[in-house]
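Hello,

I am passing a structure on to you, with a few notes on what turned up in it. Please have a look at it first, then read on below.

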Amino acid sequence: VKNKAPAEVQITAEQLLREAKERELELLPPPPQQKITDEEELNDYKLRKRKTFEDNIRKNRTVISNWIKYAQWEESLKEIQRARSIYERALDVDYRNVTLWLKYAEMEMKNRQVNHARNIWDRAITTLPRVNQFWYKYTYMEEMLGNVAGARQVFERWMEWQPEEQAWHSYINFELRYKEVERARTIYERMEFEMENCCHFLNISILVIVHPDVKNWIKYARFEEKHSYFAHARKVYERAVEFFGEEHMNEHLFVAFAKFEENQKEFERVRVIYKYALDRIPKQEAQELFKNYTVFEKKFGDRRGIEDIIVSKRRFQYEEEVKANPHNYDAWFDYLRLVESDADPDTVREVYERAIANVPPIQEKRHWKRYIYLWINYALYEELEAKDPERTRQVYQACVELIPHKKFTFAKMWLLYAQFEIRQKNLPFARRALGTSIGKCPKNKLFKGYIELELQLREFDRCRKLYEKFLEFTPENCTSWIKFAELETILGDTDRARAIYELAIGQPRLDMPEVLWKSYIDFEIEQEEYEKTRNLYRRLLQRTQHVKVWISFAQFELSAGKEESLIRCRQVYEEANKTMRNCEEKEERLMLLESWRNFEEEFGTDCNRERVDKLMPDKVKKRRKLKAEDGSDAGWEEYYDYIFPEDAANQPNLKLLAMAKLWKKQQQENEAEEMAPDNDIDES
């Protein structure tokens, strides 16, 4: 090469390969057609083609398509012997190739070489007995040739290999095509026997092949039903149920059995089959069974039967809910309500035992509040429905033993237990239960319930002891003090009642002291001990200056009914007004004055009324600055304030403000008078 400079246009190796690939895809023109005119040309053509096929085979012996094309070409030339030789050579290369056997046998059958075809099929099923296609083709060929006995013999050889169920059904259908019902029944029996033996031999669960087996049993029974052997069909179903047992029950088998009996108008047998299956098959696997049972009852059952199936369906739903969440106590309540309405006591007890077994995992009362009602309902059911007092007592005792009393308790449970024992006329048992409850976990409700029980029994000494224990437990409980004092009052022991009240008001801490003082005052008023009542009011006013106490004191003096009652009442009002001058709550002071004014309007003179009216405050609108939580300004708000005359006298600024308001009012009146003449002139 003289010019070794690089070319102007460079071509990469990638471009060369791409171009070569594209040219491969270009369609080459077809070779010219040749007309063979004599035998010599034909032999020459055959020689060239055979050489091509042999070269292809020699290049790659394992490509079976080359062998098949070669054999089919020889077959097209009617060279059957050569084609047969090629297939045999190919089988030597790969005798496991299914397509090769099929093409070989099909060639023999197309050329009506029946014995050769039989020979090939025999060799194929002997070499590859698990290839079902060979057996199907072989039996089909024999049947098409009318050789029924030969086809049956092939099927028998096939069945010895225990093939899949479809092979058995093909054999059965073959016999039915020739009306051999007894032979078909025998095949069904052999099929079930073979599968049963297989399961025992392998020592595996029938569940491994449950689906094909159930289908086989059902098909066998329908075969008997189709040929009007109804007793045989029923026997097949019964054998199937016995074969699967209770461990591996299948709803499809029972649905088919029930439909068979329904077709035979055996409605009671149908109902028994459905109930038997529903009681034993897991609920989540019996949806189709429920559906068919419901349809059957709607078609042939009475109202009771329909209700039974609806109840069964609801029971299934509740079972699913409680299985998903055993601590869903609302689901348990619904389930128990259902079984109580339509079930025997043993079933109800079994559901109750399952429910109460789900103890809340956390010992906190809020988690136990719903759970405890399961025990209550259980005990009430045993007492009211089952009429079993001993079992009811066991339920209550088990419940109170289960509750962790050191952390919390349920007073209602103890009280219900005690009330049950009283209904059974076992008073010592009831007292023992309540005494145990107070000893383990004293609560206000337990004390009240025990005291109420003893009051009903008129055991007043026991009531006194219980009140003493109660007040030792909660000395700040004003209601307990009041109830204790009322008991002594009812019993006529006023000194004990007064002593109880004195002890109560002497307690350093009380939850409702105002109620206690009011009860003590009302007690003294009922006893007409007016001087003691006044002393009580004075003692109370030493502790609190609340306006309601003053008003109540004044009303007491008014209701005392003596001549000086009005004077005493007015003195109380005056004292209260004088005391409350320094009070910041002006609304309370206003409330006192209004009460005083109402008193004077009813019982006082004009002078007294005028005096109280002068004490009434003026209502003034004011503004004050608001502060937000973060300390920033939040604007202004308007509010009403009360200015009392007694306070205004001590504040000169208020007097000056009042004089300024009066001057402004006079100025406005003068301006209005001056403008009036000008308006008259304009009108004229």
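Before the notes, two terms: contact means heavy atoms within 4.5 Å, and a residue counts as buried when its relative accessible area is under 20%. Please also keep in mind that this is a predicted model.

Let's start with helix α7, residues 132-144. Its buried residues pack against α5, α6 (114-127), α8 (148-159) and α9 (165-177). Which residues of α7 are buried? They are Phe 134, Trp 135, Tyr 138, Thr 139, Met 141, Glu 142 and Glu 143. After α7 comes Gly 146, with a positive phi near 80°.

How do α5 and α7 lie relative to each other? The axes of α5 (residues 98-110) and α7 come within 11 Å and cross at roughly 10°. With angles under 35 degrees counted as roughly parallel, the two helices are therefore roughly parallel to each other. On the α5 side, Val 98, Trp 101, Leu 102, Glu 106 and Met 109 make the contact, and α7 brings Gln 133, Phe 134, Lys 137 and Met 141. By class, that contact has six nonpolar, one polar and two charged residues.

Further along is helix α30, residues 547-559. Its buried residues include Trp 550, Phe 553 and Glu 557. Among the elements covering the buried residues of α30 are α28 (513-526), α29 (530-543), α31 (565-579) and α32 (586-603).

Methods
Residues are numbered from 1 along each chain as its sequence is written. This is a predicted model: local features need pLDDT of at least 70, side-chain atom pairs count only at pLDDT 80 or more; totals for chains, interfaces and linings use all residues. Side-chain values use heavy atoms; hydrogens and water are left out. Axes are lines fitted to C-alpha atoms, for helices over the stretch in contact, and angles run from 0 to 180 degrees between N-to-C directions. Helices (H or I, at least four residues) and strands (E, at least two) are DSSP runs, numbered from the N terminus. Angles under 35 degrees count as roughly parallel, over 145 as roughly antiparallel, 65 to 115 as roughly perpendicular and the rest as oblique. Ala, Val, Leu, Ile, Met, Phe, Trp, Tyr, Cys and Pro count as nonpolar, Asp, Glu, Lys and Arg as charged, and the others, Gly among them, as polar. The expected span of a helix is 1.5 Å times one less than its number of residues. Buried means under 20% relative accessible area, exposed over 50%, partly exposed in between (1.4 Å probe, protein chains only).
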